[in-house]
Each structure stands twice: as structure tokens, then as C-alpha cells.
Amino acid sequence: MNCKCDICKNNKSFNLPNEIVEATIKGNLVLFCGAGISTEGKNVLPVSFYELIKNELNLDGKYHFCELMQQYCQRPNGRKKLLNKIRERFQYIHSFPELERQATRFHDELSSIYLIRTIITTNWDTYFEEHCGAIPIVIPEDFAFWDELSRFVIKIHGSINNLSSIVATSDDYEKCYDKLQNGIIGATLKNILCTKTIVFIGFSFGDNDFSRIMNYLRDEMEGLYPHIYIVTLDENINKRIKYDKCTIIITSGTNFLHQLKKILISKSLIVNSYDVVSVDNALNMVKDWHEKVSNIDLNKYPCVAYTLAYQDGVIHALERFIGNNKTGDYNRPGYVSNIIREYKKCVEQCYENENYWDMSYYEGYINGLVLIEAFGENLSVINDFPFLFLPSAKNVLASFDIYIKELKQVTNLNDKFNRYAKKILKGKVEKGIVVHHPPF
């Protein structure tokens, strides 16, 4: 049964051009994004920012966006008031998680497609940075951070994080496109347009913003301007668009990415569509165990230090995943496995050096990564996860009672683990103080 809700009704079926798939695989696909994929989507707020300003000015008729903003700024303190309205709009959306989820559906879909590394946008929001891990390029000096391995978003109309950079009025547009013609951002943009496959998403085709971009392409590229792809829900676009080298794809931007991702998954180029909620739940479970173990007297049971270090490792592995998952790196084939192999080397080296404290931490970090990878196949693996660890335990630590029993037994031993634990805790532990292993 097909869903007819306001979101799903826009997921129109389409044929994905093979050139787009091949360009993505080669790392040559670039997204050029407008406000329709973000805060100005019809499912976010009932009134667009354009309509908000137009109503406040009490104007009738049609105006280009930049012309409307120009009129607003001609009022006393108009520029300052306009920037405050932009900021307040983003803050309002952010204050309601439901609205922000709607505004960032596209970004969340993009996040795991690590093969898409370059985004160009006219949007002011910071969603590509926050939800996709993209490094923003707003001013020429930002290019000092450019490299081929990271994800970047070129923000040709500025950023809400730098209010003075925002391009909104007719005067702003003139200055912006003059800089594009003569500056490093424009030179980079032209190079991208010459060498990459470009997909335009989220633009209201026929507005001044898109027209300027198309004119810029034609003027700068002369007769060599590239073939582009346009993703839109506007089925009458052919009647208005004046760009003969384009392919129109009628669907929502989020559905376009979703279908592209399905193909990449089928080719095993994207692996493990991780459930972040499950990882977050597992993190809370580990923290609960950690708190429980933290209440054990380390002076009486020194080997508890290994358990705490181990749990710190698990916690850090899960927290790092939650923080960095938006970059898509964890969806690279072999990415997690390669990290696990490197940490196994650390475990072996620590054991050889009789550094059992760090060894326990790395064991935990490895198991945290194994859990993350296993979640991609089966969420029930958490039921068998080892939340507890003692290097000299003889039995599986399947419960807290078993753990305490093993802890009492190893405490009576005079083995290398017990001696090392006493050594690292000597003079450092007082009752009520928790031993913690930092993330290094």
C-alpha cells in the first residue's frame, strides 16, 4: 500500500541515470543545493521566508528574492533587522526537534554516502556541517583547509555562523557574483563545473537565484558549459528553464539520494546502514554497568581497574561512532575492520610490554567497534555483549554475580595482573575516587 502523506507522496519513482551512479563511484558527483532541501521545504514551516518578508512589507505582485530583501534593507536598520529575522527563523526551527528533523531529512540521507565529498549551496544554514560533517568554505581563507579526503560545502551565499557573509539583497548578489568571476571561490567553482557531474537540488526554477547560476555557467564556460541534472518536483519545469544541456529528474531530493544509496549498497560500496539509536542505547547500557562497577572498592579489589579501563574503551568507541557517523566514514567497506586490526596490534604490544591497563582499554575499544559492526547485521547482538572484563578471569562474566565471584578469586592471586593493578593504583586511589582511562 502506497503512503500518500505529505512526505511520501513526493517520493516519485524515476530512472536514475547511469552517469550519476558512475560519477558517484568515482567521487565525481557534486550536489548544488538550494533552500528547498532545507528550511524552505514545504513540510517545514507553513510560510516561507520570502512570504514572511513580503507580508511584513505589505507588498503585492511578484518580486525576485533578492529584490524583496533589498527593499526590506532600505528601511531604518533594515540590514540588522533582516539578519536577526534569518537567525530567529533558524533558532525557531532548532527549538522544535520535529521541525529540524523535517529540515534535515535530506542531510541525514546524504551523511552515509561518503562518496559524495563536495557540496555547493546557496543556503545559509549549518546543516551540512552538523549533519554531514562537511567543512564549510565561506571565505577564500577557508581553502587552506581543503583536502581530497574530507567532505566540504562551498557556501557561495554565506553562512548564519558569519552574519556579515550572508548574501541576500540585490547589492549582495552583485558583489557575490563579481567575486565568483574574479576570486578563488569562483575559480574553484569553475574547475568543479568543468570536471565533475553536477546535480541541482532544492531550487525554485525560474527564480533569480537559479537564473544567475545558469547565466554564470554560460558566461564563464562559454560554449563548453556542462550537462547538468536537475532534481525537482516541478513537472512543468521544461516550460520555464532555459538551459538546453540538462536532464530533469522528477522526485524529491531526499528520495533521489535514497535511491542512489540503494544502488551503492547493492554494489557493496556502502556497508552497514547503522542504527544510531541502537548504538546510543548500547552506550547507555555500558555507562550503567560502568557506574555499577565504579562503586566497588579499588583498594580492596585492584583488578577492578581493568574493568573500568575496558568499559572506558567501549564507551569511547561508541561515542566516537555517534559523533563521527555523520561523515559516512563508518559506511566505507573495511573501515571498521581496519581500525580493529590496528587496535589488536596495540593489545599485543601492550601485553608484551606488560602494560595491562592500556591493554584492557584497547580490548574494550575493539569490542565496541565489533558491536557497532555487528549492529549492521543483527540488533540482538547486544544480548550477548561482554560488558565486564577481567584479564585473568577463568569463567565467562555473564552476570554481575559471576563477576564478583571471579573478582574475589583473582584478588587472592599473586599473578602479574594483580601485581600490576596494585602498582598503578598505589598512592593514587582513595575510597570514592573513580579510575578513568582517557581516550588515548
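Reply: Let's start with the cover: α3 (65-73) and α4 (78-95) are among the elements that lie over the buried residues of α2, with contact meaning heavy atoms within 4.5 Å. Helices here are DSSP runs (H or I, at least four residues; strands are E, at least two), numbered from the N terminus. A quick caveat: this is a predicted model, so local features need pLDDT of at least 70 and side-chain atom pairs count only at pLDDT 80 or more, while totals for chains, interfaces and linings use all residues. Residues are numbered from 1 along each chain as its sequence is written, and side-chain values use heavy atoms, leaving out hydrogens and water.

Back to α2 (residues 49-57): its buried residues are F49, I53, K54 and L57. Those four sit on the same side of α2 because they cover an arc of only 135° around the axis, taken from the directions from the helix axis to the C-beta atoms. An α-helix has 3.6 residues a turn, so residues three or four places apart point the same way. Buried means under 20% relative accessible area, exposed over 50%, and partly exposed in between (1.4 Å probe, protein chains only). Just after α2, N58 takes a positive phi of about 55°.

Now for the nonpolar packing. A core is a set of buried Ala, Val, Leu, Ile, Met, Phe, Trp, Tyr and Cys residues joined through side-chain atoms within 4.5 Å. The largest one has 53 residues, and V293, I296, V304, L318, Y403 and L407 touch the most other members. Helices giving at least two residues each include α12 (276-294), α13 (304-324) and α16 (400-411). Leaving aside residues up to four places away in sequence, L407 touches I296, Y301, C303, V304 and L390. Another core, of 30 residues, lies apart from that one, with F14, I20, L31 and L257 among its members.

As for rings, there are 26 aromatic pairs. Phe, Tyr and Trp (its six-membered ring) pair if centres lie within 6.5 Å; planes under 30 degrees apart are stacked, over 60 edge-to-face, the rest tilted. F106 and F128 are edge-to-face, at 6.5 Å centre to centre and 90° between planes. F106 is buried at 2% relative accessible area, and F128 is buried at 1%.
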